[in-house]
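Could you walk me through this structure, stop by stop, telling me what to select next and what I will find there? I have the viewer open and am ready to click along.

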Amino acid sequence: MRRLYPEMATTHKFEELLNDSQLDAVVIATPVRFHYAMAKAALNAGKHVFVEKPMARTEAEAAELVSLAEGQGLVLMVGHTFLFSPAVRRMKEIINAGDIGEVQYIAARRLNLGLFQKDINVAWDLAPHDISILLHLLDELPLSVSCQGSSHVTRGIEDVTMMHLNFRKNRCAFIHNSWLDPKKVRQMTVVGSQRMIVYDDTEPLEKLKIYDARVEVPPHYDTFAEFTYSYHYGDSYVPYIKQDEPLKLECQHFLECISEGAVPITNGRLGLEVVKILEASSESLRQQGASVNLGATVPWSNGHQNGRANGNGNGNGNGNGNGNGHGGLMLPAANQNLVAA
């Protein structure tokens, strides 16, 4: 860091950053096991916090961070970076406009060779991206979660998992994660009653493709011979998407939330719900894939639209970065330059 930014002061001691009264915000990009303790210490020191995903290892830890941030009027933002992706935002607009009809199911695949983790399984490493996208697209929490997986490289740490999330209105989602695939895959398919969307994040330009394809059931029939499914194959098209860097947009959003006292899109409440789902998936793995009830019964909002970071509204600011880095970057106040080495 010192070589890249020689004009910036650096330190290896986290405590020095917490004790610096000129420092307003902290970015925590460390292994997951350090997220809770470091985020809690920063919030207690009166710092706004941007923490990598997943924000904590347990629901209890995540809930405590949310309560602490809201109680002190601080921004807590979690690094669910893909919610700042122009492609994901465009997909959300298309779904909300009703262009694909009613969403029926969503299938996500996030696969690659490595990088193997020692303290979390592949679901905790990769699924937070897809879970956050699902909650964003559907605007609701799943009713239940089930997960199956296996460990091939490190005993007791699943490197391949398949997660199933059950939602209201007979909707469901599947998330396939793997550290043992030869090709990097970042794909999500959204199947609607009228059209379908394929989102491929590995595509440099055409990340979204809309397919005018569906299956239609005859409205009425008198005999079995009259019953025939109708398969519709129409055109496909690629919607225009203005290219921008999600990580840059995410960092800008964090700074804007601090300066304006606003609630981040990827706030702590969203981070908490993602951790709840991950914990349920771990419990399902322990029960050989049994369904774990989450008890969600109503549409969900993370409080972003109306909330303020001081606790006045429906939610509070919580967000972060990726969750698997190995250092903490500190955002300096306007009159001081200071980053962690």
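This is a predicted model: local features need pLDDT of at least 70, side-chain atom pairs count only at pLDDT 80 or more; totals for chains, interfaces and linings use all residues.

**Helix 7 and its ends**

Begin by selecting residues 268–286, which make up helix 7. From first C-alpha to last, these 19 residues reach 27 Å, close to the 27 Å expected at 1.5 Å a residue.

Next, pick N267, which caps the N-terminal end of helix 7. Look for a side-chain oxygen of N267 lying 3.0 Å from the backbone nitrogen of R269. Then go just past the helix to Q288, where phi is positive, at about 60°.

**Aromatic pairs**

How many aromatic pairs does the structure hold? There are three, and we will visit some of them. Select F50 and F254: their ring centres are 5.3 Å apart and their planes meet at 70°, so this pair is edge-to-face. The pair links distant parts of the chain, with F50 in strand 3 (residues 48–51) and F254 in helix 6 (residues 246–260), 204 residues apart. Both F50 and F254 are buried.

Now move to F116 and W179, a tilted pair with 5.2 Å centre to centre and 55° between the planes. F116 sits in the loop between strand 5 (103–113) and helix 5 (122–138), while W179 sits in the loop between strand 8 (172–178) and strand 9 (180–192), so the pair ties together parts that are 63 residues apart in sequence.

**A charge over a ring**

Select R110 and F82 together. R110 lies over the face of F82, at 4.7 Å from the ring centre.

**The nonpolar core**

For the last stop, which residues touch the most other members of the largest nonpolar core? Highlight M55, M163, M188 and V190: of the 80 residues in this core, these touch the most other members. Helix 5 gives the most to the core, with nine residues. As background, nonpolar side chains tend to be buried together in soluble globular proteins.

Leaving aside residues up to four places away in sequence, V190 touches M91, I95, I100, V103, Y105, I106, L137, R195, M196 and I197.

Notes: Residues are numbered from 1 along each chain as its sequence is written. Side-chain values use heavy atoms; hydrogens and water are left out. Helices (H or I, at least four residues) and strands (E, at least two) are DSSP runs, numbered from the N terminus. The expected span of a helix is 1.5 Å times one less than its number of residues. A polar contact is a pair of N or O atoms within 3.5 Å; within protein, one must be able to donate a hydrogen and the other to accept it, and residues adjacent in sequence count only if both atoms are side-chain atoms. Rings of Phe, Tyr and Trp (its six-membered ring) pair if their centres lie within 6.5 Å; planes under 30 degrees apart count as stacked, over 60 as edge-to-face and the rest as tilted. Buried means under 20% relative accessible area, exposed over 50%, partly exposed in between (1.4 Å probe, protein chains only). A charge sits over a ring if NZ of Lys or CZ of Arg is within 6 Å of the ring centre and within 35 degrees of the ring normal. A nonpolar core is a set of buried Ala, Val, Leu, Ile, Met, Phe, Trp, Tyr and Cys residues joined through side-chain atoms within 4.5 Å. Contact means heavy atoms within 4.5 Å.
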